[in-house]
Amino acid sequence: MTPGPDLQQLINTIKDDAGSDDELVQLGTAASTISELTSTGDAALGFFVDRARGAGKSWVEISSVLGVSKQAAHKRFADSWSTTPQFDRFTQRAAHVVQAATEVARGRHHNFVGTEHLLLGLFAEPESIATKVLIGHGITEETVRAAVDELSPAAEPTDGSGPVEAPYTRRAAHVLHGAVAEALTLGHNYVGTEHLLLAFYRDAGTVAAKVLLGQGLDEQSAWKDVRVLLDQYSK
């Protein structure tokens with residue numbers, strides 16, 4: 001296993017980042033650094049928990065590997081399947097995609113917002129990184145909509161008595177939480193459309209993941225293309 005930085009290396013890094021001999025400045029830098037490391041570590045662990053769950057592993061098996069009780073593992077990692085996502089880190093484009101997903105759900109007469117609606121919502125931002133990745137693989141709004149029609153058909157119009165704001169499904173909420181984790185994995189302090197795209201692969205059982213895989217875009221290819229586009233934007 002590749003060793004991480006030892007204590008002295010971490011202390012030296014924090015002192016360098018602080019850029020000051022003032023003890024309070026260094027303390028503040030240390031607090032910020034440790035908080036970021038903790039968030040990144042939690043995101044990384046959550047990533048592999050998602051993989052285990054997607055592979056059909058039980059919470060009993062996962063908790064055994066983590067050395068905690070089933071209840072503790074479930075409480076720590078299962079919340080992202082149900083809690084309301086926070087959007088404070090979302091870019092304007094990513095936030096627009098989420099808003100568009102609600103409109104897509106409404107247009108399909110669904111009383112929920114699922115991963116399929118989030119995937120279709122990406123096309124509301126044609127210049128976004130995620131949509132460019134999709135188009136680059138020949139995945140268009142039309143091909144996605146046709147595939148979604150087979151897996152999650154539009155419903156019949158109702159009398160308008162449905163919920164004013166459709167709730168996210170557990171899997172959609174999990175994707176939105178996962179997008180934040182994907183951003184942390186890439187070292188970003190924002191959540192963009194590219195992170196939403198990558199988060200779809202955290203659960204292969206979602207409609208969105210099935211559509212993407214069915215149209216030839218696997219996770220490795222998506223990661224590669226996202227990195228290429230990010231590199232282009234950073235130059």
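1. A salt bridge joins the side chains of arginine 145 and glutamate 141, with 3.0 Å from N to O.

2. The overall architecture may be stated briefly. Of its 235 residues, 39% count as buried. Among the contacts with a separation of 6 or more, 65% are between residues 24 or more positions apart. The accessible surface amounts to about 13200 Å², and carbon and sulfur atoms contribute 54% of that area.

3. The confidence of the prediction should be kept in view. The mean pLDDT of the chain is 86, and 87% of the residues score at least 70. Among the elements of the chain, α7 has the highest mean pLDDT, at 98, while helix α4 (residues 70–77) has the lowest, at 71.

4. The structure holds seven salt bridges. One of them is formed by arginine 93 and glutamate 125, whose closest N and O atoms are 3.3 Å apart. Arginine 93 lies in helix α5 (residues 92–107) and glutamate 125 in the loop between α6 (115–121) and α7 (129–136), so this pair ties together parts that are 32 residues apart in sequence. The two partners may also be described by their accessibility: arginine 93 is partly exposed, with a relative accessible area of 38%, whereas glutamate 125 is buried, with 14%.

5. A further salt bridge connects arginine 108 with aspartate 149, the closest N and O atoms being 2.7 Å apart. This pair links distant parts of the chain, 41 residues apart: arginine 108 is in the loop between α5 and α6, and aspartate 149 is in helix α8 (residues 141–151). Arginine 108 is buried, because its relative accessibility of 5% falls under the 20% cut-off. Aspartate 149 counts as partly exposed at 36%.

6. The aromatic side chains deserve a separate point. The structure holds two aromatic pairs. In the pair of phenylalanine 87 and phenylalanine 90, the ring centres are 5.0 Å apart and the planes stand at 80 degrees, so the arrangement is edge-to-face. Phenylalanine 87 also forms a tilted pair with tyrosine 168, with 6.3 Å centre to centre and 55 degrees between the planes. The latter pair links distant parts of the chain, 81 residues apart: phenylalanine 87 is in the loop between α4 and α5, and tyrosine 168 is in the loop between α8 and α9 (170–185).

7. Phe87, Phe90 and Tyr168 together form one aromatic cluster. Phenylalanine 87 is partly exposed at 31%, and tyrosine 168 is partly exposed at 26%.

8. Lastly, glutamine 26 is found in helix α2 (residues 23–54). Which residues does glutamine 26 touch, not counting those up to four places away in sequence? They are Ile14, Lys15, Ala18, Ser20 and Asp21. Glutamine 26 counts as buried, because its relative accessibility of 18% is under 20%.

Notes
Residues are numbered from 1 along each chain as its sequence is written. Side-chain values use heavy atoms; hydrogens and water are left out. A salt bridge is a side-chain nitrogen of Lys or Arg within 4 Å of a carboxyl oxygen of Asp or Glu. Helices (H or I, at least four residues) and strands (E, at least two) are DSSP runs, numbered from the N terminus. Buried means under 20% relative accessible area, exposed over 50%, partly exposed in between (1.4 Å probe, protein chains only). Contact means heavy atoms within 4.5 Å. Accessible areas come from the Shrake-Rupley method with a 1.4 Å probe; for residues, only the protein chains shown count as cover. pLDDT is the predictor's confidence in each residue, from 0 to 100. Rings of Phe, Tyr and Trp (its six-membered ring) pair if their centres lie within 6.5 Å; planes under 30 degrees apart count as stacked, over 60 as edge-to-face and the rest as tilted.
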